[in-house]
Amino acid sequence: GCWEIVFTVMGNIRRLRKMHEAAADTTERSVRAEEPAADKDDDSYEIDAALTVEQSNARLIHKTVPEEMMDRIYQRSTLLSSRAGQDFFTYLCRVSETEIFGHVVGAGGAPSPPPAAKKRSPDTSSLHSLIEAVHYNMDSRPRLVFGQIWNLVSDHLARVALTADRSVSLFAVDSLRQLSINYLKKEELQEFQFQRRFLRPFTVIMKNSDDRTMRELVLRSVAQIVIVCGQGHDP
């Protein structure tokens with residue numbers, strides 16, 4: 001779908017922006033050491049010979065594509081119809097899985113990436129964008145519509161939590177915890193059946209993970225959800 005292309009491009013843009021930000025100090029010191037200060041133009045978009053092609057692309061993207069421009073796409077997802085909103089989140093989850101696992105796992109698929117993909121460092125650009133988009137939509141969508149979106153997102157986060165990469169796994173579980181608490185704190189959602197839907201991904205992780213740290217985090221997360229949503233306290 002068209003959204004898959006859009007999210008793939010936006011994921012690459014965010015990855016390049018992060019690359020530039022992480023290497024900015026080192027890059028600038030290198031450039032200053034090789035060029036006279038008077039000749040340096042901070043607004044120049046020319047490729048620097050001292051940089052690789054990807055580093056030059058990252059530098060160009062950082063200067064020409066503001067973060068706010070991309071954020072608006074996720075913010076305005078709240079204006080999409082129910083059907084279009086589901087498509088939006090379906091393809092955002094697909095692109096996120098491709099970035100993290102190296103391929104689309106899909107519902108019921110094995111959580112672990114193939115051996116060749118395990119060597120690559122997971123890219124979480126679209127995963128972070130997904131969490132942002134869920135936050136934007138949870139207050140603007142009717143309960144049943146958001147429930148359908150949550151099914152898509154929570155299944156994806158559960159699969160991500162079961163990946164071998166510890167930092168990404170922990171982020172996925174913590175995101176499930178925060179999203180669940182933020183949504184279930186609403187008084188009109190204090191129904192057992194609806195709360196069960198938000199606890200389901202934690203059950204999936206507990207059943208499929210042998211990692212002690214992960215299981216302890218899941219238990220602490222569920223306990224906090226029960227306490228906060230049961231008493232109305234802030235996390």
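This is a predicted model: local features need pLDDT of at least 70, side-chain atom pairs count only at pLDDT 80 or more; totals for chains, interfaces and linings use all residues.
Biologist: Which elements does the chain have?
Modeller: Ten helices and zero strands. Helices are DSSP runs of H or I with at least four residues, strands are runs of E with at least two, and numbering starts from the N terminus.

Biologist: Why are H3 and H6 called oblique to each other?
Modeller: Helix H3 (residues 67-75) and helix H6 (residues 125-138) pack at about 50 degrees, with axes 9 Å apart. Axes are lines fitted to C-alpha atoms, for helices over the stretch in contact, and angles run from 0 to 180 degrees between N-to-C directions. Under 35 degrees is roughly parallel, over 145 roughly antiparallel, 65 to 115 roughly perpendicular, and the rest oblique. H3 and H6 are therefore oblique.

Biologist: Which residues of H3 and H6 meet?
Modeller: Asp71, Tyr74 and Gln75 in H3 meet Ser129, Glu132, Ala133 and Tyr136 in H6. Contact means heavy atoms within 4.5 Å. The residues divide into three nonpolar, two polar and two charged. Ala, Val, Leu, Ile, Met, Phe, Trp, Tyr, Cys and Pro count as nonpolar, Asp, Glu, Lys and Arg as charged, and the others, Gly among them, as polar.

Biologist: What makes H6 and H8 roughly parallel?
Modeller: Their angle is about 5 degrees, with axes 11 Å apart. H6 and H8 therefore count as roughly parallel. Residues in this contact include Ile131 and His135 of H6, and Phe171 and Tyr183 of H8. By class, the contact has eight nonpolar, four polar and no charged residues.

Biologist: Why does Tyr183 count as buried?
Modeller: Buried means under 20% relative accessible area, exposed over 50%, and partly exposed in between, with a 1.4 Å probe and protein chains only. Tyr183 has 2% relative accessibility, so Tyr183 is buried. Tyr183 is found in helix H8 (residues 166-184).

Biologist: Are Cys2 and Cys93 buried or exposed?
Modeller: Cys2 has a relative accessible area of 65%, so Cys2 is exposed. Cys93 stands at 6%, so Cys93 is buried.

Definitions and conventions: Residues are numbered from 1 along each chain as its sequence is written. Side-chain values use heavy atoms; hydrogens and water are left out.
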